[in-house]
Structure formats: structure tokens, C-alpha cells
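Notebook open. Today I wanted to look up the ligand site and the pockets.

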Amino acid sequence: MKDVVRRNFDASVDAYSTYERRTNRFTALAQLLAAEMRARTDGGFGTVLDAGAGTGVSTRVVAEMATDTIALDISREMMAEIESPTRLQADFDQLPLVDRSVDGVAFTASLFLVPDPEPAVREAARVLRSGGVVGAVAPLGWVRPDGKDVFEGLDRESRSPAGATEVRDALADAFAITTGTWRFSTTAANLRLFHAIPAMAARLYPNLDTEERVAKARELLDSLDGTFEQRWRWIVGVAE
Ligand SMILES: C[S@@+](CC[C@H](N)C(=O)[O-])C[C@H]1O[C@@H](n2cnc3c(N)ncnc32)[C@H](O)[C@@H]1O
């Protein structure tokens, strides 16, 4: 499973960057999450781990609030252009960090990608110092103006996106959490662009290869028109 996620993201760099250039969505999520995390510290952060750093969108935001930033991702290709002095290719379920060595752990749109978020949450709790802060953002989906899920009734192999409940529950088991929802207005064109990212199209058609699944997602979403609301769950927790 991890190998599949890694390969999917290795193949996603260009489409991911195109989507981010067009929408700025991941930058916005990282900034909102950073503000929630910062609000739970007395005087800012020393070392912060950007867990699932991707192409470095969230790393740039984390670096603004931390003295030291560690960018960690399972995909070598996604991380290739990150300029952070500390870059680690690793699985956030097994962090190559010693106990109580960081002040913050940020999972910007990354923790929902594992089938079970508990191991990564346990690892975050292990590496955080007392009073350290963990933050996560996970998708709640796209909603039509009439309140219905965009994907309801669409013929795909699996649901996209999913995982926000599991992420919240895993964090609630290990930390005292605060949670909420962020809502963004978006267009059908941007929803298609999001699913042109191979790793995101994999959430609709997990059994197809890269090109087939992107083509099938384009076909599936082709008739969508107008504007939608994209919802993301945020969760912030403080370590004891
Ligand atoms: C949607 S991207 C978000 C990247 C970045 N945080 C941002 O805001 O642009 C999710 C990233 O999580 C990484 N990822 C997924 N599972 C992982 C794991 N088990 N360990 C480390 N990174 C993982 C993926 O490789 C991908 O780069």
C-alpha cells in the first residue's frame, strides 16, 4: 500500500504543481493550519516537522513559523525541489527522529492518505515535546449548491475523498484536540484539475494505471459545471 502511494505521488509532481499554481489551495490550507497551531503556543516554534511535505508548499509556510523545519515525505520525486536544509525521505508511520525532539508536527493534506492514521499519530506523540502541537488537514469532499456530495451517484470505483473522520478520531485518542471545517468556493474546472493529479485520481479508480485513471476521472467529471464548495476538516492537538 505504501509503495502504491509513493509511486502515485512520484508520478504526480507536474500535475500537483499545476493545480497549486492555479488554485493556491494547499498554500491556503498550510497557512490556516499554521495559524491554528501557532495560536496554541506561548512563543512560537523551535523545530517543526512537515510530515508529508510534498513539493514543499507546506514546508515554506512551516518555515515562516519555526526556527528549524524538517521536511519529510515518502515520495522522493515530490520532495526533489524542496529547499529546506533538512529533507528526509521516510514514512511518517516510522519517524527517524528521537523521542521528544520537535515542537510541532504538521500534516497538511497528508495523514488521510494512509489506510490507518493511528501509527503516524503515535509517532507524532512520541517525537513531540510536552506542550508541542500537532495539526492535520483532511478532506471532507465537494458539495453541490443543493448540499449534495458531488460524487454521489457518479460511477467511480471508490469514494473520493475519504478519511477525515479516521484522522480526527486517531488524533482525539492521543491528544486534547480542537477541530473545525474550512470551506472554499471552487469551480468544476478546478475540481477536474485536482483529479488530473494521478495520486488523487487513484482515489476514484485505484485499480487502473496512471494514464487510464486520469483519463477516466476526466471523463467522469467532464459534464460538471458551475461552482462547488470544497470542505476540509482541520484538527489541532497539544501534547501532554
Ligand atoms: C496531498 S500531498 C500534500 C503535500 C504538502 N503537505 C502540501 O501541502 O502541498 C500529500 C503528501 O503526503 C505524502 N505521503 C503520503 N503518505 C505518506 C507516508 N506514509 N509518509 C510520508 N509521506 C507520505 C505524499 O507522498 C504526498 O507528497
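I am working with a predicted model, where local features need pLDDT of at least 70, side-chain atom pairs count only at pLDDT 80 or more, and totals for chains, interfaces and linings use all residues. Residues are numbered from 1 along each chain as its sequence is written, and side-chain values use heavy atoms, with hydrogens and water left out.

**Ligand.** I found 23 residues around the ligand, with Tyr16, Gly52, Ser58, Asp73 and Phe92 coming nearest (near: a heavy atom within 4 Å). I then checked polar contacts (N or O atom pairs within 3.5 Å). The side chain of Tyr16 has an N or O atom 2.7 Å from a ligand oxygen, and the side chain of Asp73 has one 2.6 Å from a ligand oxygen. At Gly52, a backbone N or O atom sits 2.7 Å from a ligand nitrogen. The protein buries 100% of the 600 Å² that the ligand exposes when taken alone (Shrake-Rupley method, 1.4 Å probe).

Which helix gives the most to the shell around the ligand? I noted α1, with three residues.

**Pockets.** I got about 440 Å³ for the volume of the largest pocket (an open set of points on a 1 Å grid, with protein on both sides within 12 Å along at least five of seven lines; lining residues have an atom within 4 Å of a point). Its lining has 20 residues, Met1 and Phe112 among those nearest the centre. The second largest pocket comes to about 380 Å³, and α2 gives the most to its lining, with five residues.

Technical notes:
Polar contact = N/O pair within 3.5 Å; in protein donor to acceptor, adjacent residues only side chain to side chain. Helix = DSSP H or I, 4+ residues; strand = E, 2+ residues; numbered from the N terminus. 1 Å grid on protein atoms, 1.4 Å probe; cavity = no way out; pocket = protein on both sides within 12 Å on 5 of 7 lines; lining within 4 Å. Points joined across faces, edges and corners; volume = space filled by probe spheres on them.
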